[in-house]
Amino acid sequence: MNVVSTVDPRDGQRRATDLSETDESRLDEVAGQASRATRWLAGLGRIGRAELMDAIAASLESRRKDLVAAAEAETGLANARLDSELTRAAVQFRMFGDVLRDGAYVEAAIDHAADTPLGPGPDVRRMLVPLGPVAVFGASNFPFAFSVAGGDTAAALAAGCPTVLKAHPSHPLTSHASAAAISSAVRDLGGPEGVIAAVYGEQAGRSLVRHPAIRAAALTGSVNAARAIQTAIDERPDPIPLYAELSSVNPIVVLPGATVDRAEEIAEGLFASFTASGGQLCTKPGLAFVPAGKGGDLLVDTLRRSVASSGGAILLNERIRDAFESRATGFERAGARVSAQAQVDPGAGFAVAPRLLEVDLSGLTPEIADECFGPLMVVVRYDDAAELDTALDAVPPSLTGSVHRGVQDDVDVVRRLVDVLSARAGRIVFDGYPTGVRVSWAQHHGGPWPSTNAVHTSVGATSIRRFLRPLAWQDAPAWVLPEELRDEYSAIARRVDGRLTPAVE
């Protein structure tokens, strides 16, 4: 078996680990255990799985120091950033505990037998049930919140789906330690092997989604990675869904009135947003539309000073670093001019120079209006807000679209921009920045292709829907029904004979 290695991006040195790439025999064993664990998760019921969510959160937090240290050595991300991200991971598990206790996510509906205009109607009862074992591909840029201990895992386990994680090659030791923390919580509740497992290696990932036991897959990564996984899925005799969160430019429009009111403040926020975590966030703003005039000039000048005085950013791996440099060079060749660039120590591992590029609205091309993963943002200068509708149509659909407005800006202009952005994004941000995705009931983290390949969210309470399917029972005896569909049950909100009935405490 091939040994799994790890690289510290701060020095670029590769080191062997005690882990090995997962072979076909081991993968088949893992998938079989996951299938058998489905029954145990179902037997826990909603409340039992809620307790499991809380136990996983506590287990992760109890190992905080070791988990953060492992991730810091494998990603080069700052200790404080990783510590916060581990907290976010725990918050996600606890939130799904709340989702399970609330129970409305199952969308229980009961239509009692009755006479209808079409004749006697049977008794029909419906709710959402687990799909079965799920494959989750860990993300490079979030070793906790979108990886083994991430939101996809939390949503799948909450739904009642055992989860097999394909560890990202950038942080195998962090992935292994995270899986161990979750497994410990499962064992403490008497759970079997197979509720959670991690596999390693590119071939293992392809084989995983082809395995007949796997009923869905989730990915946060690149378009190319999604296409490779989809190609493997297409080799199956039976299709399964792939829920992929992919590429996003996240345009920000700054209206003239906003530059009059707070040009320097907006510049500071933009700088922090596009350079945070080395610009390696799916919600990083890649394009900022800034008006011509004194206010816009002040905003851009402030941005230039911040970028020029910043230090180098450590990127997650060599591939991401090389892609960043290639894409930045491509933007320049396409007509974007370098407005500011930081100084970087050339010997600092996978370090790159944060940079600000600039282009006039007439020079914005499809090559420039594309994602550059890393600390780069293109400022697009415009003369009239009326020009923005056509320009935004040329920007690829994104996870987010943002508008900064001032007291002098026409509300009709804002409404028109919101209409354009709403058709091309999953979240509209006002007077703020897209980075920092709140984990909550109302959150939607998704958008039209190429930002995602589905209508679902990968963050928030409703992300659980990806791992559920509807099942209806017709004229079923009460004893065979799930408790949520029995007449006497009232602990969750349900739709009974067309009327929404609230839960009774």
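Figure 1. The predicted model contains four cavities of 30 Å³ or more. On a 1 Å grid over the protein atoms alone, a cavity is a set of points where a 1.4 Å probe fits but cannot get out, whereas a pocket is an open set with protein on both sides within 12 Å along at least five of seven lines; lining residues have an atom within 4 Å of a point. A volume is the space filled by probe spheres set on the points, which are joined across faces, edges and corners. The largest cavity has a volume of about 90 Å³. Its lining consists of 14 residues, and Tyr243, Ala244, Glu245, His456 and Ser458 are the closest to its centre. Strands E10 (216–220) and E11 (242–245) each contribute at least two residues to this lining, and E11 provides the largest share, three residues. Helices (H or I, at least four residues) and strands (E, at least two) are DSSP runs, numbered from the N terminus. The lining of the largest cavity comprises four nonpolar, seven polar and three charged residues. Here Ala, Val, Leu, Ile, Met, Phe, Trp, Tyr, Cys and Pro count as nonpolar, Asp, Glu, Lys and Arg as charged, and the others, Gly among them, as polar.

Residues are numbered from 1 along each chain as its sequence is written, and side-chain values use heavy atoms, with hydrogens and water left out. Since this is a predicted model, local features need pLDDT of at least 70 and side-chain atom pairs count only at pLDDT 80 or more, while totals for chains, interfaces and linings use all residues.

**Figure 2. The largest pocket.** The volume of the largest pocket is about 1600 Å³. At least two lining residues come from each of strand E1 (3–8), helix H6 (202–210), E10, helix H7 (223–233) and helix H10 (318–333). H10 gives the most, with six residues. By class, the lining of the largest pocket has 23 nonpolar, 16 polar and 11 charged residues.

**Figure 3. The second largest pocket.** The second largest pocket holds about 390 Å³ of space. Of its 22 lining residues, Arg26, Glu193, Ile196, Ala197 and Ala198 lie nearest the centre. Helix H1 (24–62), helix H5 (172–188) and strand E9 (196–199) each give two or more residues to this lining. H5 gives the most, with six residues. The lining of the second largest pocket divides into 12 nonpolar, six polar and four charged residues.

**Figure 4. The contact of helices H3 and H4.** The axes of H3 (residues 79–102) and H4 (residues 151–159) come within 9 Å and cross at roughly 25°. H3 is therefore roughly parallel to H4, a term for angles under 35 degrees. Axes are lines fitted to C-alpha atoms, for helices over the stretch in contact, and angles run from 0 to 180 degrees between N-to-C directions. Gln92, Phe93, Phe96 and Leu100 of H3 make the contact with Gly151, Thr153, Ala154, Ala155, Leu157 and Ala158 of H4, where contact means heavy atoms within 4.5 Å. This contact has seven nonpolar, three polar and no charged residues.

Figure 5. Most residues other than glycine have a negative phi, and most peptide bonds are trans. The peptide bond from Trp449 to Pro450 is cis, with omega near 10°; Pro450 lies in the loop between strands E20 (425–430) and E21 (468–474). Ser277, which is not a glycine, has a positive phi of about 55° and is found in the loop between helix H8 (256–275) and strand E13 (287–291). Asp497 also has a positive phi, near 50°, and is placed in the loop between strands E22 (494–496) and E23 (499–501).

How values were computed:
Angles under 35 degrees count as roughly parallel, over 145 as roughly antiparallel, 65 to 115 as roughly perpendicular and the rest as oblique.
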